[in-house]
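Please consider the following model with attention to its charged side chains and its surface.

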Amino acid sequence: MLEKTETKNIGLRGIKVADTKISLVDGDNGALYYRGYNIVDLAKNSTFEETAYLLLNGELPTRKQLVDFASQLAAERDVPDAIVQSMSVRPANASPMSVIQSTVTMLADYDPDLRDESREANHRRAVQLIAKMPAMIAYWERIRKKRGIIKPDPNLSHAANFLYMISGRKPGARIASVLDTCLVLHADHTFNASTFAAREVASTRAHMFAAVSAAVGALSGELHGGANERVMEMLMQIKEPGRVDAWVRNELQSGRLIFGMGHAVYRTNDPRALV
C-alpha cells in the first residue's frame, strides 16, 4: 500500500529548461556573468546603457555605437497618451506590478508591424520596452499620488531621467550613479522565473509585449521579484535601526520568513549584494 507524502511546493526551482548565452550564474563561487563579463567589473566600469547594449547584442559597444544606442533609448521613452489616460482611472491602491503588466500589453496597440518577427523588429521592440517601462513606472507613481506627470528629458541618462520623472528634480551625479549601478546589477539573471515565463509565451509565437507582460506577472510573486516588495514592507515596519534585533527575534519566534537575506542560487555570496 502506497503512503501519501507531503512535498513542499517550490515551483520550478531546480528544473532544467534550456541554455542561455546571455548570462551565467556561478552559484558555488558567488559570481554572475553577462555575456562572459563579470558583473562586478561591469558595475564598476560600465553604465546601464552600455550593459543593455551588451545583453542585446552580445558585445560591448564602440563609443559611436553607445552614443547611438543611448539616443535610441532616449527617443523611445515617452508612452502614448491613451496609455497614460488608462492609468489615471486605475484605483490609487492598485498594485504597481499589475499596472505595469497591463500597460506593457497595451504597447502592442501602437506597434505598426506587430506580426513582423524579424530580428530587426524585435530589437526595436526590446529598445522600446527598455525605454518605456521606467516612464510608465514613473507616471504611475505620480498619478497614484495625485501629482502631475513629468515628461522624460532626452538629455538625461536612463537612470537620471527615471529619478527626474518621479521626483520632478534633476538628480545629483552621485544618486544617479548609484541607481545606474543598481540597474546594471539587476539587468539579467539567467533563466529565472520571469525569463521562463516570457520564453514560454514567446514560444507560442505571441508577440514580445505579451511575453514581457507574462514576465512581469511572474516577477510580482513573493518568491521572485515580489520579495523586494516584502523587504520594503519589512523596513517600513521596523522604522528605526534600534528596533532591528527585537523585530527579527519576534519574526523568528513566530515562525515567519524574513525576506531579503541572500538568494537561493548562491551558495556563498550574492555578488550583487557585495557591490
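Why does S118 count as partly exposed? In this predicted model, the relative accessibility of S118 is 24%, so the residue falls in the partly exposed class, which lies between under 20% for buried and over 50% for exposed. S118 is placed in the loop between α5 and α6, and its side chain reaches the backbone nitrogen of A121 at 3.2 Å. The loop between α5 (96-106) and α6 (119-144) also holds D116, which is partly exposed at 32% relative accessibility.

Side chains of opposite charge can pair when their charged atoms come close. Across the whole structure, 12 salt bridges are found. One of them connects R124 and D111, at 3.5 Å from N to O. Because R124 belongs to helix α6 and D111 to the loop between α5 and α6, this pair ties together parts 13 residues apart in sequence. D111 is buried, at 8% relative accessible area, whereas R124 is partly exposed at 27%.

K170 and D153 form another salt bridge, with their closest N and O atoms 3.3 Å apart. K170 lies in the loop between α7 (158-167) and α8 (173-185) and D153 in the loop between α6 and α7, so parts 17 residues apart in sequence are tied together. Here K170 is exposed at 55%, while D153 is buried at 11%.

In helix α11, R230 and E233 are three residues apart, and therefore separated by about one helical turn; their salt bridge has its closest N and O atoms 3.7 Å apart.

Technical notes:
Residues are numbered from 1 along each chain as its sequence is written. This is a predicted model: local features need pLDDT of at least 70, side-chain atom pairs count only at pLDDT 80 or more; totals for chains, interfaces and linings use all residues. Side-chain values use heavy atoms; hydrogens and water are left out. Helices (H or I, at least four residues) and strands (E, at least two) are DSSP runs, numbered from the N terminus. Buried means under 20% relative accessible area, exposed over 50%, partly exposed in between (1.4 Å probe, protein chains only). A polar contact is a pair of N or O atoms within 3.5 Å; within protein, one must be able to donate a hydrogen and the other to accept it, and residues adjacent in sequence count only if both atoms are side-chain atoms. A salt bridge is a side-chain nitrogen of Lys or Arg within 4 Å of a carboxyl oxygen of Asp or Glu.
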